[in-house]
Amino acid sequence: MDDTEKRETIAKVTDRLSARYPETSRYYIAGVVAEEYARLDTSRIRTYIPTLIEHGAKNRLRGKAAPPSAER
């Protein structure tokens, strides 16, 4: 993926997860999504990257307390 496609993928997944976890800072969610993306960035098969990123980020966000509201 090129940088534009990478940013778009991260933004779309962040949008979906921000809607699902409104009590959690968007900044925090974007960080989690970017970390998940980085873990899979060297994968040879790229088709399912957005789905795998979202799944990994959801697992990490479940049960997490929302960061302080100053980070929102």
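The largest nonpolar core of the predicted model comprises 13 residues, and those with the most contacts inside it are Leu17, Ile29, Val33, Ile53 and Leu61. A nonpolar core is here a set of buried Ala, Val, Leu, Ile, Met, Phe, Trp, Tyr and Cys residues joined through side-chain atoms within 4.5 Å. At least two residues of this core are supplied by each of helix H1 (3-20), H2 and H3, and H2 gives the largest share, five residues. Helices (H or I, at least four residues) are DSSP runs, numbered from the N terminus. Residues are numbered from 1 along each chain as its sequence is written. In this predicted model, local features need pLDDT of at least 70, side-chain atom pairs count only at pLDDT 80 or more, and totals for chains, interfaces and linings use all residues, while side-chain values use heavy atoms, with hydrogens and water left out.

Leaving aside residues up to four places away in sequence, valine 33 touches Ile10, Val13, Thr14, Leu17, Ile53 and Ala57 (contact: heavy atoms within 4.5 Å). Alanine 34, also in helix H2, is partly exposed because its relative accessible area is 31% (buried, under 20%; exposed, over 50%; partly exposed, in between; 1.4 Å probe, protein chains only).

Isoleucine 45 is located in the loop between helix H2 (26-40) and helix H3 (49-61). With 63% relative accessibility, isoleucine 45 counts as exposed.
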